[in-house]
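Here are my notes for a colleague who is new to this structure. Please keep the model open while reading.

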Amino acid sequence: MSKYTIGVDYGSLSGRAVLVDVATGEELASSVYEYPHAVMETQLPDGTKLGHDWALQHPQDYLDVLSHTIPAVLKEAGVSNEDVIGVGTDFTACTILPVKADGTPLCFLPEYKNRPHAYVKMWKHHAAQDKANMLNEIAEKRGETWLKNYGGKISSEWAIPKIWQILDEDEEIYNAMDRFIEAADWIIWQLCGKETRNSCTAGYKAMFNKRLGYPSDDFFKALDPRLEHVIDEKFSRDITPLGGCAGYVTEKAAALTGLKVGTAVAIGNVDAHVCVPAVGIDGPGKMLAIMGTSTCHMMMGTTETQVPGICGVVEDGILPGFFGYEAGQSCVGDHFAWFIDNCLPASYYEDAEKQGMNIHKYLRAKAEVKKPGESGLLALDWWNGNRSVLVDVDLTGMMLGMTLQTKPEDIYRALIEATAYGTRMIVENYRENGIPVEEFYASGGISQKDPMTMQIYADVLNMPIKIAGSLQGPALGSAIFASVAAGKEKGGYDNIFEAARALGKVKDTVYTPIPENVELYNKIFAEYRTLHDYFGRGANDVMKRLKALMKSL
């Protein structure tokens with residue numbers, strides 16, 4: 001009798017589940033559930049207004065993903081819950097929320113429903129940038145050596161700036177919370193009934209080090225005396241490595257999901273990191289870009305090298321036995337969607353409808369006939385700040401070279417090219433600091449649906465690009481980790497490397513660089529790099545001055 005696992009991937013706007021045969025890797029069913037509350041950037045459900053750079057979510061949406069998608073995949077595949085040996089999940093990160101000691105989110109309590117700080121702060125919540133700036137300044141002055149493991153800067157997207165913002169702006173919420181926990185760990189708590197903290201989010205998002213632990217209480221006291229014992233009071237020092245079993249599905253979770261009581265639940269994970277075994281990567285020198293609303297760039301190495309501008313290097317942060325490196329771009333798919341939603345004339349929609357094409361395909365068809373450099377445009381891809389290698393959310397986007405002849409498709413292509421240049425900055429930064437990048441893989445919706453973009457990336461990087469074999473890479477990765485949580489005795493695998501080799505996959509499609517395009521893009525990238533350093537490294541802070549002026553009005 002075949003055995004199966006289910007992987008659940010929590011993205012920025014939806015959650016999706018996939019049911020996988022643990023012997024063959026075949027994906028028998030998948031289901032997607034859109035978050036009813038989506039991303040709350042301007043107001044709470046009751047109309048309470050939010051400030052600049054806020055991005056909140058509602059944890060009820062996460063529970064609804066479980067109650068909708070898991071029964072759906074079981075029904076679609078005709079699989080009994082008796083044959084499902086494990087479930088794994090992954091989340092965007094740092095997506096984090098305040099809860100009571102029993103795991104109840106504060107925003108579920110009537111007295112806190114109109115309090116913004118009671119909700120989930122998702123990864124792209126940037127309203128704690130002032131706290132990140134102060135944290136980095138204090139850490140530098142104190143000579144905190146761990147700071148270099150995070151590229152020299154802690155992002156406002158990470159855990160400590162976010163909890164410090166709560167303390168500074170709504171101390172009542174800070175005092176009311178018993179735990180501040182990643183959604184990646186909270187959803188596991190809901191499935192197996194106990195709190196766990198995974199090594200991935202602890203390492204990359206909360207400054208935990210396998211050998212050294214967290215920064216000292218004295219450091220947190222230097223930030224704010226009220227934060228002196230923040231780790232023991234609001235977090236946890238009990239960190240669980242990836243690949244383990246967090247526990248087993250409870251009766252409550254079984255009623256919610258349709259899973260059998262006692263089904264193994266994998267330790268929580270992050271959407272980007274969990275995707276690595278889904279493409280069969282099992283060693284160093286291979287970069288995986290997970291391309292969605294944002295892009296995360298994952299790599300592994302055999303040494304702990306402190307690389308400027310990365311999101312972090314964490315021992316066992318991706319797969320055991322390796323140092324996991326993370327970098328990223330804050331705005332990729334969001335970038336393209338913004339343009340289509342805000343910048344196209346009505347005639348484009350009318351023409352697309354006449355040709356029976358959706359607007360995305362129509363715009364790509366007009367853009368892909370352009371040659372590199374033909375439009376004379378060059379963009380900076382900072383519409384949502386810069387994650388790597390500048391680590392500065394106060395940077396903003398730019399488009400250079402527009403004339404009265406510029407067409408929407410020219411701008412659209414320039415935005416795509418800008419994200420490819422941003423990825424090349426990350427690749428070159430690694431190489432300049434002694435970390436080889438020898439192969440490039442891509443996963444996520446863009447890699448699966450947009451050949452034009454992937455060819456541009458291959459040409460800009462001058463590297464062949466291999467494409468993930470699954471439409472749901474992170475969900476497949478979570479299902480692979482679930483097979484390890486269940487173990488060989490139950491029909492799964494004894495370790496993640498064995499599982500990755502058996503279940504990970506890539507397509508036959510490989511995007512190969514076109515030499516004449518490579519030559520042109522090398523010239524344009526040199527100009528991109530000049531602008532990147534001029535506006536991003538302090539020579540001209542006009543973007544920050546304009547943003548500060550906007551906030552003051």
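1. Terms for the pockets come first. On a 1 Å grid over the protein atoms alone, a pocket is an open set of points with protein on both sides within 12 Å along at least five of seven lines, and a cavity is a set where a 1.4 Å probe fits but cannot get out. Lining residues have an atom within 4 Å of a point. Grid points are joined across faces, edges and corners, and a volume is the space filled by probe spheres set on the points.

2. This is a predicted model, in which local features need pLDDT of at least 70, side-chain atom pairs count only at pLDDT 80 or more, and totals for chains, interfaces and linings use all residues. Residues are numbered from 1 along each chain as its sequence is written, and side-chain values use heavy atoms, with hydrogens and water left out.

3. The largest pocket holds about 1,200 Å³ of space. It is lined by 45 residues, and the closest to its centre are Met 291, Gly 292, Thr 293, Gly 445 and Ile 446. Helices (H or I, at least four residues) and strands (E, at least two) are DSSP runs, numbered from the N terminus. Elements that each supply at least two lining residues include β2 (14-21), β3 (27-34), β12 (286-291) and α16 (473-486). Helix α10 gives the most, with 6 residues.

4. What is the make-up of the lining of the largest pocket by class? It has 17 nonpolar, 16 polar and 12 charged residues. Here Ala, Val, Leu, Ile, Met, Phe, Trp, Tyr, Cys and Pro count as nonpolar, Asp, Glu, Lys and Arg as charged, and the others, Gly among them, as polar.

5. The second largest pocket holds about 760 Å³. Of its 27 lining residues, the closest to the centre are Glu 41, Asp 53, Trp 383, Asn 384 and Lys 547. The elements giving two or more residues to this lining are α10 and α19 (542-552). The lining divides into 13 nonpolar, 8 polar and 6 charged residues.

6. Leu 546 also sits in α19. Is Leu 546 buried or exposed? At 54% relative accessibility, Leu 546 counts as exposed. Buried means under 20% relative accessible area, exposed over 50%, and partly exposed in between (1.4 Å probe, protein chains only). Leu 546 and Thr 396 are 150 residues apart along the chain, and their C-alpha atoms are separated by 9.5 Å.

7. Next, helix α13 (residues 408-432). 23 of its 25 residues are buried, so α13 is largely enclosed by the rest of the structure. At 1.5 Å a residue, α13 should span 36 Å, and its end C-alpha atoms are 36 Å apart, which agrees. The expected span is 1.5 Å times one less than the number of residues. Gly 434 follows α13, with a positive phi near 85°.

8. Now the sheet. Seven strands form an open sheet in the order β14-β15-β13-β12-β18-β19-β20, with mixed pairing. Two strands pair if DSSP finds at least two bridges between them. The edge strands, β14 (312-315) and β20 (506-511), each pair on one side only.

9. β13 and β15 (residues 323-329) run antiparallel, joined by 7 bridges, and Met 298 stands opposite Glu 326 in β15. β18 (residues 439-443) and β19 (residues 465-468) run parallel, with 3 bridges. Tyr 441 stands opposite Lys 466 in β19. β19 and β20 are antiparallel, also with 3 bridges, and Ala 468 stands opposite Val 506 in β20.
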